[in-house]
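Look over the sequence and the structure first, then read on.

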Amino acid sequence: MALPTTASPGAPAPARSVVGGTALRVGVRLPRALHPLAWWAWALGLMVAASRTTDPLLLATILAVLAVVVAARRPDAPWGGAFAAALRLGAAVIVVRTLLQVLLAPTIGLAVAFRLPEVALPDWMAGVRVGGLVTWESVLVGFSEGLRLAVMIACAGAANALSAPSRLLRSVPAALYELGVAVVVALTFAPHLLSDARRVRAARRLRGHQEGRLRGFARAAGPVLDGGLERSIQLAAAMDSRGYGRTGSITTTQRRTQAGLVLAGFAGILVGLYGLFDASAPRWLGWPLLGAGALVALLGLRAAGRRSLRSAYRPDPWLAPEWATAGTGLLVAAVFASAAWSTLAVAVTPLQWPSPGTLPLAAVLLAAGPALWTPPLPTPGRWSA
Amino acid sequence: MTAVRFERVTVAYEGADRPALRDVDLVIPEGELVLVVGETGCGKSTLLRCINGLVPHFTGGAMAGRVVVAGRDTRTHPPRELADVVGMVGQDPIAGFVAELVEDELAYGMECLGVPADTMRRRVEETLDLLGLADLRARPLATLSGGQRQRVAIGAALTSHPRILVLDEPTSALDPGAAEEVLAALQRLVHDLGMTVVLAEHRLERVVQYADQVLVVADGRVSVGEPAAMMAGAPVAPPVVELGRLAGWVPLPLSVRDARRAAGGLRARLRALPPPPEGPSPVPALVSGPAAVSARNVTMGYPGVPVLRRVDLAAGPGEVLALMGRNGAGKSTLLTALAGVRAPAAGTVRIGGQDPHALAGRPLIGAVGLVPQEPTDLLYATSVARELSDAEGTAGTPAGTAGRLLEALAPGIEPSLHPRDLSEGQRLALALAVVLAAAPPVLLLDEPTRGLDYGAKRRLIDLLRQLQAAGHTIVLATHDVELVAEVATRVAVLADGDVVADGPAGEVVRSSPLFAPQVAKILAPGPWLTVGQVQRALAVPG
């Protein structure tokens with residue numbers, strides 16, 4: 001190992017544009033991981049789109065686009081299974097949502113599929129029914145509502161599969177970093193618990209216990225939570241020993257001012273968003289407050305970021321593929337947000353074959369682009385374990 | 001220049017009946033490698049954690065006196081404000097990992113300290129090379145083997161270029177080769193960079209030769225001295241020192257090299273004596289029929305990653321088979337297959353003629369018992385007493401069986417204690433008692449000596465010999481060459497999923513410079529493996 005060199009504090013910052021420039025010319029197709037924020041912008045765009053439509057064809061297209069991109073750019077890592085898990089959850093959601101619609105909601109339409117025995121309810125529960133006529137319209141409404149939820153879940157799953165939560169953490173502004181770590185540690189706690197549960201169950205088998213899946217997990221809960229708590233404490237000790245939370249020379253007053261700015265800014269953004277979405281709110285609550293909030297938050301973040309001691313190791317560059325990926329996400333969201341409801345909703349009465357608008361369909365198909373234009377993933381080192 | 005100074009330090013934890021450290025006065029000069037030894041629970045970890053301020057800032061408890069590290073008083077500097085001068089590597093590496101990937105983990109400490117990006121990049125590359133991690137740089141930490149994790153944890157502490165490095169049992173999970181690499185790297189840091197290294201280690205045979213000072217902690221009190229002087233009177237010592245004491249060499253050698261220089265006379269004397277019996281001989285089979293444990297053509301792995309390729313192994317009653325090989329060679333995987341935890345992808349596993357994966361409940365624990373690498377994995381009750389009665393319940397043995405086993409293995413354990421509050425050795429004893437309560441004819445052990453002090457190891461060796469004499473089949477995966485020399489009758493070496501050597505213990509370990517115990521190295525080309533053998537041979541004519 002070479003002797004440690006101390007970087008003189010007055011030295012000029014390394015010319016980052018040179019590095020970035022080379023990467024832009026040569027590196028667009030060099031294997032690298034895409035910036036996590038680009039993936040999240042893309043996935044959130046699709047999620048917004050999915051939330052705006054009930055057309056099964058459009059929703060299925062979104063799902064297909066997600067699947068294509070995840071298949072092409074999913075890293076071979078433990079969190080890569082998030083998409084499959086989201087799909088399983090989504091399937092359950094569809095089934096439950098359809099059953100609820102068919103069994104409990106008021107009957108829609110005339111195309112009777114079959115008749116279920118109806119449960120007679122007392123008079124005071126008029127308006128609620130259980131069983132009875134089942135129409136194709138009800139099935140379709142339940143299914144497409146369920147599909148909409150499932151696709152939104154799949155969007156979150158895809159974002160998780162394409163970039164680990166901890167990678168997202170690197171792009172969090174320095175001022176929010178410590179909050180971010182807390183969130184990420186909490187997020188990784190659940191998967192750790194799951195692997196712990198498996199280990200404890202294997203151990204219970206070794207100890208000669210025979211029990212069903214559910215019972216076994218219930219028995220394992222105590223030691224698993226115990227272990228999780230223990231590990232959290234050890235992790236906190238390790239992070240403390242490695243300098244997490246160093247404040248350097250910032251005074252308490254400075255820190256409080258920055259935190260106040262950031263919090264006030266976010267509060268402004270929240271209220272502004274509320275004003276935008278609630279038609280009955282006064283107009284000045286909308287865009288003006290949103291803008292002002294964003295500005296204050298940005299100022300606070302910048303001030304805190306400049307004083308932060310932290311530096312970033314190999315920060316992900318934001319280059320053309322990132323712009324394109326995040327851009328398609330925003331584009332899809334914008335198209336769906338502005339399109340007429342008739343081009344997005346499935347026609348139920350009378351029943352019709354869905355005929356999505358050309359523009360929304362084209363926008364969704366464009367969102368498959370990242371499978372082609374994002375750089376390929378680096379191949380991990382030899383798996384020798 | 002002093003790196004670390006303890007001034008009349010006393011540490012007492014809440015609820016403990018006596019202080020963990022008492023009146024410790026200590027000076028560690030810069031650029032020394034200090035070895036901390038002592039039995040488990042003697043206050044070693046507290047001492048180490050005082051150096052970076054985890055005690056008392058993180059653990060609580062009352063501390064009197066003061067610790068000054070690189071000119072900073074730990075009473076006023078919490079661990080994070082000492083992170084640029086003290087690097088800490090804990091006992092359980094996986095618990096301290098913050099990032100997801102090897103490379104990010106190495107950079108984490110530097111990021112917290114605000115090291116410039118280009119310096120970070122260079123130091124990460126240097127550390128990857130220094131610890132042989134270059135192949136693993138993009139791997140998720142969760143997929144690494146135990147030894148790989150340990151090296152990453154050490155690397156993660158090194159990248160911040162601390163002036164003092166504190167390590168709690170850094171080589172206990174490593175195979176002999178990897179351990180030597182890590183120790184060589186540490187020594188290079190001390191010699192070339194003037195880094196101060198403080199490390200606690202039970203496997204003295206690996207470390208004592210590198211130490212400048214040995215610090216013995218006993219019952220909260222600390223005594224310091226030159227390694228040779230401290231070893232001469234120490235109750236526990238590595239084989240090289242024991243052999244030196246037996247032969248009366250002065251000065252007492254600490255390394256194999258020094259001992260070989262002194263051993264000319266002893267080698268000549270031993271040449272005239274009859275060689276030792278080839279390991280403890282297998283007792284006649286109590287159960288006739290097929291080998292008690294057999295694996296035929298076993299192939300296992302994870303998707304796209306073969307861990308075992310067509311492995312053929314068998315062991316009969318009264319045999320102690322040691323599986324050796326570097327970290328990640330597939331030893332633990334093979335044990336999980338033998339215990340029926342996982343079914344092999346191809347091939348067959350038989351325990352006394354039965355497929356263990358098809359067994360469950362009492363028939364399973366009556367056929368085979370596995371003590372995993374972390375004995376705690378087997379323990380989940382809230383007290384030792386409940387753990388024992390639960391084991392007796394599932395095994396269907398009369399009450400008190402497991403308790404008597406535990407008493408024989410580790411006398412004097414308070415039954416109301418929580419298993420987590422036991423020492424490593426006591427936990428292993430408890431796990432063994434729990435497994436042996438069902439009296440399985442086949443016992444599988446994964447790294448049983450990890451974290452054990454010499455006393456606990458001695459008791460384990462005695463137990464394994466008794467079990468072997470009673471006709472049990474024992475398969476153990478281990479890096480501990482001294483344990484293998486003491487108990488194994490056969491050794492199989494795994495590498496990259498293949499069995500590359502399989503034969504009588506003496507033959508296999510003597511032929512390998514890496515797996516040879518210290519006594520074999522000193523007395524080569526003689527057939528001697530342990531101090532006990534030499535002692536018995538010398539005693540016969542005298």
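In which loop of chain B does B:E447 lie? It is the loop between β16 (442-446) and α18 (454-469) of chain B. Keep in mind that this is a predicted model.

Most residues other than glycine have a negative phi, and most peptide bonds are trans. Chain B has exceptions of both kinds. B:E447 has a positive phi of about 50°, yet it is not a glycine. B:E447 is also buried, because 25 C-beta neighbours lie inside 10 Å and 20 or more are enough for that class.

B:N297 is another residue other than glycine with a positive phi, here near 55°. B:N297 does not lie in a loop; its place is in strand β11 (residues 293-302) of chain B. Is B:N297 buried or partly exposed? It is partly exposed, with 13 other C-beta atoms within 10 Å.

Two peptide bonds in chain B are cis. One runs from B:V250 to B:P251. The other joins B:A524 and B:P525. The loop that holds B:P251 is the one between α10 (239-247) and α11 (256-262) of chain B. B:P525 sits in the loop between α21 (518-523) and α22 (531-539) of chain B.

The table gathers the angles.

| Site in chain B | Feature | Angle |
|---|---|---|
| B:V250 to B:P251 | cis peptide bond | omega near -5° |
| B:A524 to B:P525 | cis peptide bond | omega about 5° |
| B:N297 | positive phi | phi near 55° |
| B:E447 | positive phi | phi about 50° |

**Chain B as a whole**

Chain B holds 22 helices and 19 strands. Its C-alpha atoms fill a box of roughly 70 × 55 × 50 Å along the principal axes. How does the radius of gyration of chain B agree with that of a compact globule? For 542 residues, such a globule would have a value near 24 Å; chain B has 24 Å, so the two agree.

Of the 542 residues of chain B, 56% count as buried. Take the contacts in chain B with a separation of 6 or more: 70% of them are between residues 24 or more positions apart.

B:A16 lies on the exposed side of that count, with 10 other C-beta atoms within 10 Å. This residue is in the loop between β1 (2-12) and β2 (21-29) of chain B. The C-alpha atoms of B:A16 and B:A228 are separated by 34 Å, and the two residues are 212 apart along the chain.

The order is β12-β11-β14 (chain B), and the pairing is antiparallel. Which strands stand at the edges? They are β12 (305-315) and β14 (346-351) of chain B; each has a single partner strand, so one side of each lacks a neighbour in the sheet. On average, neighbouring strands of this sheet are turned by 25° against each other, direction ignored.

Five bridges link β11(B) and β14(B) in the antiparallel sense. B:S294 has B:R350 in β14(B) as its bridge partner. A helix covers these strands too: α13 (residues 331-338) of chain B lies across β11, β12 and β14 of chain B. Helix α13 runs at about 120° to β11(B).

**Domains**

The domain assignment of chain B gives domain 1 (2-233), domain 2 (237-272 + 519-542) and domain 3 (293-511). The centres of domain 1 and domain 3 of chain B are 31 Å apart. Their contact takes 17 residues from domain 1 of chain B and 14 residues from domain 3 of chain B. On the domain 1 side, α6 (146-158) and α7 (176-193) of chain B each give two or more residues. By class, that side has four nonpolar, nine polar and four charged residues.

For chain A, the assignment gives domain 1 (32-168 + 322-373) and domain 2 (251-308). Their centres are separated by 32 Å.

**Where the chains meet**

In the contact between the chains, 64 residues of chain B touch 49 residues of chain A. Which helix gives the most to the chain B side? It is α4(B), with eight residues. Elements that supply at least two residues include α3 (79-82), α5 (117-130) and α15 (384-395) of chain B. The residues on this side of chain B divide into 37 nonpolar, 12 polar and 15 charged.

Definitions and conventions:
Residues are numbered from 1 along each chain as its sequence is written. Chains are lettered from A and ligands numbered from 1 in the order in which they are written. This is a predicted model: local features need pLDDT of at least 70, side-chain atom pairs count only at pLDDT 80 or more; totals for chains, interfaces and linings use all residues. Domain bounds come from an automatic or database domain assignment. Two residues are in contact if their C-beta atoms, placed from the backbone, lie within 7 Å. Helices (H or I, at least four residues) and strands (E, at least two) are DSSP runs, numbered from the N terminus. Ala, Val, Leu, Ile, Met, Phe, Trp, Tyr, Cys and Pro count as nonpolar, Asp, Glu, Lys and Arg as charged, and the others, Gly among them, as polar. A residue is buried if 20 or more other C-beta atoms lie within 10 Å of its own, exposed if 12 or fewer, and partly exposed in between; C-beta atoms are placed from the backbone. The radius of gyration is taken over C-alpha atoms; the globule rule is 2.2 Å times the number of residues to the power 0.38. Two strands pair if DSSP finds at least two bridges between them. Axes are lines fitted to C-alpha atoms, for helices over the stretch in contact, and angles run from 0 to 180 degrees between N-to-C directions.
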